[in-house]
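Subject: Structure handover

Hi,

Here is the structure I promised to pass on. Please open it and keep it beside this email while you read.

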Amino acid sequence: MAKRLTAKEIKHDIREDEVRTFLAGIFRTLETHPQAVVGIIIAVAVVVLLIAGAFAVLDSRRQAALGELAEAIEIFEAPVTEDGATVEASAGPVFASEEERRQRARESFSAIQGIGSSVAGEIASLYLAEISLSEGDKDAARAIWEEFLDHHEDHMLAVAVRINLIHLDREEGKAAEVAAALEKELADPSKQLPEDVILFELAQTREALGEDDAALELYQRIVDEYPQSAYVAKARQVTTSART
């Protein structure tokens, strides 16, 4: 996994070749692990890209928003101790509880989100969805994800957001609806998700519905048709176990 960057590192002067190397690693992660939820590593990749290549065309407020986003991410990642004591080797914030950290992160991301259509604001909204989900507010997370897709259906994070919504629907007992939607997309030439992702999520959904034979066929397709997929290890494990 690519190294997480601190806020101080993000704001540091970044050489062009280092940025290219870092971003190449991020895009490989997106390509091989599209099932991951929207997370810190992807968000930081976007921030680094903007800092490295787009400062010249952004207005001063949006430049400042990138720094604020880095600081909000640092809060989101900050260590938690029982009494808020200083953590050794930690130069950033430290919190006495998860709740205190979430509240501070929510405040920071909410302020950035108010900037409007800036990329920093878009990324902040996805962090707010993650915070809402961690608090058990699935409706709030869903609303943020759906709004994001309404405005950014071709965004580099759209695949991860769509997968989040599939997982949420499945958790909320909508497996039959999820299966129907995935079957429809699988047959659509203009797919919004990579085909191996659709096959895997459909297999998982068929399992949730108790349709093990149908799920097994889908896992076998991944093994046969997508040997380089990030899902192939899981698919091979299932198909191998079924034969023994």
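Is the crossing of helix 6 and helix 7 left-handed or right-handed? It is left-handed. Keep in mind that this is a predicted model.

Start with the whole chain. It has 244 residues, and 41% of them count as buried. Its secondary structure comes to twelve helices and zero strands. Read along the sequence, the pattern is α-α-α-α-α-α-α-α-α-α-α-α.

Next, the surface. The accessible surface of the chain is about 13200 Å². Carbon and sulfur atoms account for 50% of that area.

Then the contacts. Take those between residues at least 6 apart in sequence. Of these, 50% join residues at least 24 apart.

Now back to the helix pair. Two packed helices are described by the angle between their axes and the distance between the axes. Helix 6 covers residues 119-134, and helix 7 covers residues 138-151. Their axes come within 7 Å and cross at roughly 155°. Angles over 145 degrees count as roughly antiparallel, so helix 6 and helix 7 are roughly antiparallel to each other.

Which residues meet there?

- From helix 6: Glu122, Ser125, Leu126, Leu128, Ala129, Ser132 and Leu133.
- From helix 7: Lys138, Ala140, Ala141, Ile144, Trp145 and Phe148.

The residues of this contact divide into nine nonpolar, two polar and two charged. Find them in the model and look at both sides of the pair.

Best wishes

Technical notes: Residues are numbered from 1 along each chain as its sequence is written. This is a predicted model: local features need pLDDT of at least 70, side-chain atom pairs count only at pLDDT 80 or more; totals for chains, interfaces and linings use all residues. Side-chain values use heavy atoms; hydrogens and water are left out. Axes are lines fitted to C-alpha atoms, for helices over the stretch in contact, and angles run from 0 to 180 degrees between N-to-C directions. Helices (H or I, at least four residues) and strands (E, at least two) are DSSP runs, numbered from the N terminus. Angles under 35 degrees count as roughly parallel, over 145 as roughly antiparallel, 65 to 115 as roughly perpendicular and the rest as oblique. A crossing is left-handed if the near helix is turned anticlockwise from the far one by less than a right angle, and right-handed if clockwise. Contact means heavy atoms within 4.5 Å. Ala, Val, Leu, Ile, Met, Phe, Trp, Tyr, Cys and Pro count as nonpolar, Asp, Glu, Lys and Arg as charged, and the others, Gly among them, as polar. Buried means under 20% relative accessible area, exposed over 50%, partly exposed in between (1.4 Å probe, protein chains only). Accessible areas come from the Shrake-Rupley method with a 1.4 Å probe; for residues, only the protein chains shown count as cover.
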